[in-house]
Amino acid sequence: MTIINREGGKGSLSYFLIHHQLLIIYLCTIFTLCTLYAVQPIQPLFEKEFDLSRFEAVIFTTVIMLPLGFAPIFYGYILETFSSKLFLRNAVLMLGILELCFSWSSTYSVLLAIRALQGILIPAVLTSLMSYIGFITPKEKVQQSIGYYIGATILGGFLGRLLSGILSDLFGWRLFFVFLGVSLIVMFGALSFLSEELKVDFVKPKRSQILDIVKNKTFFNIYAMMFFIFFVFQALLNFLPFQLKNLSSTMGYGKVGMMYAGYIIGFIISIRVLWMIRLFGNETKTIIIGIFTYLVGLQVFHVNNYMVMFGGMFVFCAGFFIIHSVASGLISKLALENRAISNGLYLSFYYAGGTVGTFAPGVFYQYLGWDAFLILLSLIVVSTFYFGLKLQRILCP
């Protein structure tokens, strides 16, 4: 994806106006990520209230993540004719309206359809928001502003889970989705203050370009590794609420939501990733250490104690964000040609793995139990050492 700026666009914006617009973008990012993950900690509540099977309950997360695996590659063919500002505002408005509809609906099929529609809108919203950051921010501040954007996505993912849990305990599950819907509609109005219009030239890759990149051994190993890494991440986070409710049927959903606090360590890691690469010597060694940390954190969840699991989440998330931060940067560093397509494929493999992870390992959990489920995830993480070690041999022979 490239951004075409008009002459003098950045220089004409005052310091105050830039920060005002960035604040709007970051708030919109937080609310959008809340929409993506708010259902996750309260899926056991939906299972009980709507008399669903375990599979039907976890699909609430699957359907909204599914489009994220295809969007980075195919959105170029869909969005090239739209005004970026008009599309962004209308997409956010539709997200808000759909969230209100979700809060009022009582039919499983309708709730699921709403989540699927939101999943189609969210990738375009996030892509447009990130594009605006690059457009309105002075060149020397872009990296810092993107860092804050990453922080906003992490904060939004955590707050969505936490607040949906707390408010479900206090007022029932519908109130938080009303709040989220109203907030997104307010953001529709606030986005009108984005005074600049930009042209986003979405990537429209050819099949031959995609095949050439995937055939590259370095890129393929990174893509395959991240498919399985995010598979495990989403598997644990999606089924953990059910295990916590198994430990204590009286456990509140606010406490379930608080379990995801370890998620926010990702912000610290994302801004310290270069320091870690220097500390460990190179990117591949850092990835391998991240995988080891990830595996250790996963083992903590064998201990069926809330506080032990709570601590384990910080270790688990630290390992995940080390791997993700280094691998995504490594793709950009190595992709001398077709960088946008290479990054788009990274996101496609990443989200495809996460999407499958939200439901597929549930068979093990359903029929063999929590420990068997964790053993399966651990074996998958162990297999990613293969890709990490291959990268080490390719890049550091």
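## Helix H14

The model described here is a predicted one, and H14 covers residues 306-334. The N-terminal end of H14 is capped by Asn-305, which places a side-chain oxygen 3.0 Å from the backbone nitrogen of Met-307.

## H13 against H14

Two packed helices are described by the angle between their axes and the distance between the axes. For helix H13, residues 283-299, and helix H14, the axes come within 7 Å and cross at roughly 155°. Because angles over 145 degrees count as roughly antiparallel, H13 and H14 are roughly antiparallel to each other, and their crossing is left-handed.

On the H13 side, the contact is made by Glu-283, Thr-286, Ile-287, Gly-290, Ile-291, Thr-293, Tyr-294, Gly-297 and Leu-298. H14 contributes Gly-312, Val-315, Phe-316, Gly-319, Phe-320, Ile-322, Ile-323, Val-326, Ala-327, Leu-330 and Lys-333. Sorted by class, the residues of this contact between H13 and H14 comprise twelve nonpolar, six polar and two charged.

## H12 against H13

Helix H12, which runs over residues 265-280, packs with H13 at an angle of about 100°, and the axes of the two are 8 Å apart. Since angles from 65 to 115 degrees count as roughly perpendicular, H12 is roughly perpendicular to H13.

The contact is made by Met-276, Ile-277 and Phe-280 from H12, together with Glu-283, Lys-285, Thr-286 and Ile-289 from H13. The residues of this contact of H12 with H13 divide into four nonpolar, one polar and two charged. Glu-283 and Thr-286 of H13 take part here, and Glu-283 and Thr-286 are also listed in the contact with H14.

## H10 against H13

Helix H10, residues 217-247, has an axis that comes within 12 Å of the axis of H13, and the two cross at roughly 25°. Because angles under 35 degrees count as roughly parallel, H10 and H13 are described as roughly parallel to each other, and H10 passes H13 in a left-handed crossing.

From H10, the contact involves Met-225, Ile-229, Val-232, Phe-233 and Leu-236, while H13 supplies Ile-287, Ile-291, Tyr-294 and Leu-298. By class, this contact of H10 with H13 has nine nonpolar residues, with no polar and no charged ones.

Methods
Residues numbered from 1 in each chain as written. Predicted model: local features only at pLDDT ≥ 70, side-chain atom pairs only at ≥ 80, totals over all residues. Heavy atoms only, no water. Axes fitted to C-alpha atoms, helices over the stretch in contact; angles between N-to-C directions. Helix = DSSP H or I, 4+ residues; strand = E, 2+ residues; numbered from the N terminus. Left-handed = near helix turned anticlockwise from the far one by under 90°. Contact = heavy atoms within 4.5 Å. Nonpolar A, V, L, I, M, F, W, Y, C, P; charged D, E, K, R; others polar. Polar contact = N/O pair within 3.5 Å; in protein donor to acceptor, adjacent residues only side chain to side chain.
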